[in-house]
Amino acid sequence: MNSYRLQKFKDSMYLCGFMASGKSTLGKALAGKLEREYRDLDEVIVEREGKSIRAIFDEHGEHYFREKEWEYLLDLTRNFRGVVSLGGGALQNQRIVDHLKVNGLLLFVDTPLEQITDRVLQSDERPILFNKDGKIKSRDTLFTELKALYSGREKFYKQAQVAIKTPLFSSVEEMTEAAIEKITRHV
Ligand SMILES: Nc1ncnc2c1ncn2[C@@H]1O[C@H](COP(=O)(O)OP(=O)(O)O)[C@@H](O)[C@H]1O
Ligand SMILES: O=C(O)C1=C[C@@H](OP(=O)(O)O)[C@@H](O)[C@H](O)C1
Ligand SMILES: [Mg+2]
């Protein structure tokens, strides 16, 4: 563990950023290094709803998912202290950003859109990968849609107190150390 002030910092750290940027990977590693409890908001939603994210989107629609995402995030801000990896769409409006920054430290996991697109194509977990008929979108279509979505969200991500540009690091370990160094300057 690094500095005395970091040891004394008992508020939560919230990792935001676009889908597949590495929030869950970094969040888990950070919690391990800092010896803090860890929660993944997507996992909380899946557990409490009893179905996968894709099933929630398919059966109830995105609006319902966003309502639940906000409800469970609010619950975490009230009842949990530790490291929390958010979903890419969790910063739904300015109020949520302000709420997280008041209740803890907000970190932005910043990964280029090309890499994001490759990663989204490599997993069947994210609803955006699929057309209405359940088929996988082409890379071009996916890239265009992700770009549009990102341009609406980046104003929220960029308000984070700490930003981690992931391509600067050659391993998760190195990225985690750099994140801790940056966090230390904010606590
Ligand atoms: N720093 C990294 N280096 C290499 N692969 C990574 C890194 N961070 C994440 N990944 C990979 O990218 C994918 C998405 O990561 P994940 O942590 O689930 O992102 P998010 O939670 O932001 O959606 C996973 O397959 C993960 O293993
Ligand atoms: O950006 C989004 O709209 C989403 C991101 C996902 O989380 P990750 O950011 O962990 O992929 C998950 O919450 C859901 O598929 C929707
Ligand atoms: Mg995640």
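Colleague: By class, what is the shell around ligand 1 made of?

Modeller: Four nonpolar, seven polar and two charged residues. Keep in mind that this is a predicted model.

Colleague: Which residues come nearest to ligand 1?

Modeller: Ala20, Gly22, Lys23, Ser24 and Thr25, out of 13 residues around that ligand. The elements giving two or more residues to the shell are α2 and α9, and the largest share, three residues, comes from α2.

Colleague: And which residues are around ligand 2?

Modeller: Met19, Ala20, Lys23, Ser24, Asp42, Ile53, Gly87, Gly88, Gly89, Arg126 and Pro127. By class, the shell around ligand 2 has four nonpolar, four polar and three charged residues.

Colleague: What does UniProt list as "binding site"?

Modeller: The entry is unreviewed, but its "binding site" annotation covers Ala20, Ser21, Gly22, Lys23, Ser24, Thr25 and Arg126. UniProt also lists Asp42, Arg66, Gly88 and Arg153 under "binding site", again from an unreviewed entry.

Colleague: Let's go through a few of those. Where is alanine 20?

Modeller: Alanine 20 is in the loop between β1, residues 12-16, and α2, residues 23-34. Its phi is positive, about 65°, although alanine 20 is not a glycine.

Colleague: Is alanine 20 buried or exposed?

Modeller: Alanine 20 counts as buried, because it has 23 C-beta neighbours inside 10 Å and the cut-off for buried is 20 or more.

Colleague: What about glycine 22, where does that lie?

Modeller: Glycine 22 lies in the loop between β1 and α2. With 23 C-beta neighbours inside 10 Å, glycine 22 counts as buried. Leaving aside neighbours within four places in sequence, glycine 22 is in contact with Val109, Thr111 and Thr166.

Colleague: Now the lysine: is lysine 23 buried or exposed?

Modeller: Buried, since lysine 23 has 28 C-beta neighbours inside 10 Å. Lysine 23 lies in helix α2. Not counting residues up to four places away in sequence, lysine 23 touches Leu15, Gly17, Ser85, Leu86 and Val109.

Colleague: Which other residues in α2 are buried?

Modeller: Besides Lys23, there are Leu26, Gly27, Ala29, Leu30 and Leu34. What covers the buried residues of α2 includes β1, β2, β3 (83-85), β4, β5 (162-165) and α9 (172-184).

Colleague: How does the span of α2 compare with what you'd expect for a helix?

Modeller: It agrees: the twelve residues of α2 should span 16 Å at 1.5 Å a residue, and the end C-alpha atoms are 16 Å apart.

Colleague: What follows α2?

Modeller: Glutamate 35, whose phi is positive, near 55°. Glutamate 35 is in the loop between α2 and β2, residues 38-40. With 9 C-beta neighbours inside 10 Å, glutamate 35 counts as exposed.

Colleague: Back to the annotated positions. Which helix holds aspartate 42?

Modeller: Aspartate 42 lies in α3, residues 41-49. Aspartate 42 is buried, with 22 other C-beta atoms within 10 Å. Apart from neighbours within four places in sequence, aspartate 42 is in contact with Ile53 and Gly87. Asp42, Ile53 and Gly87 are among the residues around ligand 2.

Colleague: And where is arginine 66 found?

Modeller: In helix α5. Arginine 66 is partly exposed, with 14 other C-beta atoms within 10 Å. Its contacts, leaving aside neighbours within four places in sequence, are Gly89 and Gln92.

Colleague: Last topic, α6. Which of its residues are buried?

Modeller: Ile96, Val97 and Leu100 are the buried residues of α6, which runs over residues 94-103. They are on the same side of α6, because they cover an arc of only 100° around the axis.

Colleague: What do those buried residues pack against?

Modeller: They pack against β1, α5 (62-79), β4 (104-110) and α8 (139-157).

Colleague: And what does the face turned away from the buried side carry?

Modeller: That face of α6 carries the exposed residues Gln94, Arg95, Asp98 and Val102.

Note on methods: Residues are numbered from 1 along each chain as its sequence is written. Chains are lettered from A and ligands numbered from 1 in the order in which they are written. This is a predicted model: local features need pLDDT of at least 70, side-chain atom pairs count only at pLDDT 80 or more; totals for chains, interfaces and linings use all residues. Helices (H or I, at least four residues) and strands (E, at least two) are DSSP runs, numbered from the N terminus. A residue is buried if 20 or more other C-beta atoms lie within 10 Å of its own, exposed if 12 or fewer, and partly exposed in between; C-beta atoms are placed from the backbone. The arc is that of the directions from the helix axis to the C-beta atoms. Two residues are in contact if their C-beta atoms, placed from the backbone, lie within 7 Å. The expected span of a helix is 1.5 Å times one less than its number of residues. A residue is near a molecule or strand if its C-beta atom, placed from the backbone, lies within 6 Å of it. Ala, Val, Leu, Ile, Met, Phe, Trp, Tyr, Cys and Pro count as nonpolar, Asp, Glu, Lys and Arg as charged, and the others, Gly among them, as polar. UniProt positions are given in the numbering used here, feature names are shortened, and annotations may be inferred rather than shown by experiment.
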